[in-house]
Every structure is written in C-alpha cells, then in structure tokens.
Amino acid sequence: MNYNKKSIEDIEVAGKRVLCRCDFNVPTKDGKITSDKRIVAALPTIQYLIDQGAKVILCSHMGKPKGEWKPELSLKIVADRLSELLGKPVIMAADVAGEDSKAKAAKLNNGDVMLLENTRYIKGETKNDPELAKALAQLADVFVNDAFGAAHRAHSSTAGVADYLPAVSGYLVQKEVAIMGKALANPERPFVSILGGAKVSDKLNVINNLLEKVDTLIIGGGMAYTFLAAKGYNVGTSLLDAEKIDYCKEMMAKAEAKGVQLLLPIDTVVSSSFPSPIDGPVDVETVPSNQIPADKMGLDIGEKTRALFAEAAKNAKTVVWNGPMGVFENPTLAKGTIAVAQALADSDAVTIVGGGDSAAACEQLGFASHITHISTGGGASLEFLEGLELPGIACLQDK
Ligand code: ADP
Ligand code: MG
C-alpha cells in the first residue's frame, strides 16, 4: 500500500463544496456526550476548511443503527457541541444525502459548516452501496477522509464516495498514515512490538505480519496464554484460543528462524476468578508461567516479566503497542500495563499506541503526553500493522 497520499493542503478547496468524513462516533449517556475527544480531534481539519473558504459538509456514523432511524443515534448533539467548539453555527441536515441535505448544501456560503445525519441510518452505508456513495458525492466537489477509526471499513461514506470525487486525507488521517506508515515501511531499529489485550483471535493474526518487520515481539495480556499453551504449559482457566495453539507453535518457529526475539511472560499474576465488579477486590498470587494452577486464571504479567518487557522497550528506537498487559481496569491487576506504559514514556523511541483500551489505559494512567502517537483507531490501527490495505486510505489520491 502506498502511504504517500494527498492531503487537504494538496488540493484547492476555496469556494468548493467539501464533503468531510469525520469520526463523530462519540460515547453518550442519557442523550449527552460523555467525551467530546473525537469532535475536538476533528477541529484542525474543519477549521482549515473554514479558513480556506470551503463550504464544509461533514458526515459520520454513530453507533450501529443498522439502517433504522434511531433518534437516540442522531448526530444533532454533535452539531451542537461542534458549534460551541467552533464558535459558529453548524447547520444540521435532517437526512444523510436526501432532499434536505441537497437543499441545505446548495445554500451554503464559503466558510459555512453543515453536518449530515448518521450515515448508518441508511442501510446501504455498511454495504458500500454505490447509490449512497453517489448521493453523497453529488453534494460536493471534493471528498476529505478524516475518519481513521473507520478507515478499515469499505463503506459508502469512507471509501465508496471516492469513486466519484477527488479524494484526499484530512489532518488526522494524514498524521496516522505518516507516523504508522513510516514505522512500518522504514522503522528505526531496534523495532519492538508489544501485543496484549483480550481479543485473542483477532490479534493472533497480526503476529505473522509483525514477525516480518520487528526485531523483538513481546506478548502479554490475554494473548499470552495461547502461546504458553503452545509451549506445553498448563494455563489453568486463563483466556485461551485452543484452535490457535498450532498457529502459535508455527509463529514461535518462525520467530526463531528469522532471528526475532519473542518474549513471553515468565511469571504470571493469577486469581481463582475474574474480578466482579471488574475494579473490585481480588485475591492474587504470582507464579512462574509454567506453574499456573489448574483452577486459576492469569490476569496480569508478574514482576519479573514487567522488568523483562520494560528493559526490551527501553532499548528500542521504535515501539508499537497494542493491548493491555492485564486487566488494567483493576488497580491490583494494572501493574503490568503501568510498567509497559512507564517504559514507553521513559524511552526516547518513537512510541505508537493503538487500540481503544490501550489508549484509554495510557490516558487513565497518566502517560498519554509521553507517547509519540496514540492512534485514534483501534481496529484500523491493527489492520494497518497487519499490513492490510485500508479501504478508506487506499481510495485517496496518491501524491
Ligand atoms: P485494545 O482495545 O487496546 O485493542 P483489547 O480490547 O484487545 O485491547 O483488550 C483490552 C481488554 O483486555 C481489557 O479490558 C483488559 O481487561 C483485558 N485483558 C488484558 N489481559 C487480560 C487477561 N489476562 N485476561 C482477561 N482479560 C484481559
Ligand atoms: Mg478494546
């Protein structure tokens, strides 16, 4: 995949109708936005378009209405918040690319901003229906994709619309592609990747690709146990993907053949059950990773492993981290994740964190400002690391 894509600065937008796909999929509770981070993150692109005198038409999905007009998933609350942040009115369309959108888009003046309704109100959106893509394209002269979090999806508003309009990246997508593209194409070495988290099956597939690129691969969190099982250890009641044990054996052999250092937990914090509530009290002990009792589950990496992983991360020049080392939501089980976050924060390497929970962990634990780049896309950043082509980026014009 070519990472050298045109951005909004490489195309004339003054006086043009610009359709900009944002990621306004904000968390809400009782009809109120609980975090406006994603709206704030989109401001640089929107402000640039306003300053250039474009007629700005924004669109996004929110939640999973699956083609139904669910009022609780209306983007109206986003328009209100965006209007406060921009200090100017944001015109709210009553539909996605229907009559109301067309009428309002036709009346826009240079520098005006309007927002379409939730793109997933239309069934065709997630099927990349060309009818919806065409309808969206007819509203505008130029397409800007600034929704990295949705770039791994081939939907009408993320990729399909680019079949009918000149398409470029916004600042968010540009930054993601520049930093992650460089880390993958031409990393400063040693290049260390740290994987963890709970989505074991999803993430195991990344490993094959990463082994082609990294000098050291560190595996912790819920993913580690399938590897430990592949080494013949008993992993008790820990997260395990039994179907992937052979795959893990292959990956260990591949790492050895390629001279890639593969680090697995050498000790493990175990408990008899998963904490409930997740941040409630939990009885733990630390055992060597090859001595996990049959009735216990591993919930964090042990102290020796923390030191081992931190040391490897500290010596790196590029570190890519995806997935917490343990159940970090629980203070007793957050120590492994804290140790890794601290190691990244202390290192002068290029540090990239992807994955919703990993990003949340960095923020909650106070390390975010010491990380080079926290990706705005969980699934998208993972697919990027896997070397897969992201439809929302592949569709943009090459430089
Ligand atoms: P991300 O969102 O960063 O991609 P995931 O969603 O894959 O990460 O995984 C995050 C979750 O993994 C967290 O909620 C954490 O509690 C859980 N987790 C980490 N280690 C373990 C473990 N050993 N057992 C069970 N869950 C774990
Ligand atoms: Mg997650």
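Which helix or strand gives the most to the shell around ligand 1? In this predicted model, in which local features need pLDDT of at least 70, side-chain atom pairs count only at pLDDT 80 or more and totals for chains, interfaces and linings use all residues, that element is H11, with three residues. Residues are numbered from 1 along each chain as its sequence is written, chains are lettered from A and ligands numbered from 1 in the order in which they are written, and side-chain values use heavy atoms, with hydrogens and water left out.

Ligand 1 is surrounded by 22 residues, a residue being counted if one of its heavy atoms lies within 4 Å of the molecule; the closest are Ala198, Lys203, Glu329, Asp357 and Ser358. Helix H11 (356–364) and strand S14 (297–301) each supply at least two residues of this shell, where helices (H or I, at least four residues) and strands (E, at least two) are DSSP runs numbered from the N terminus. An oxygen atom of ligand 1 lies 2.4 Å from a side-chain N or O atom of Glu329, while a backbone N or O atom of Asp357 is 2.7 Å from an oxygen atom of the ligand. The protein buries 90% of the 580 Å² that ligand 1 exposes when taken alone (Shrake-Rupley method, 1.4 Å probe).

The protein chain contains 13 helices and 17 strands. Its radius of gyration, taken over C-alpha atoms, is 23 Å, close to the 21 Å that the globule rule (2.2 Å times the number of residues to the power 0.38) gives for 399 residues, so the chain is as compact as a globular protein of that length.

Conventions. Polar contact = N/O pair within 3.5 Å; in protein donor to acceptor, adjacent residues only side chain to side chain.
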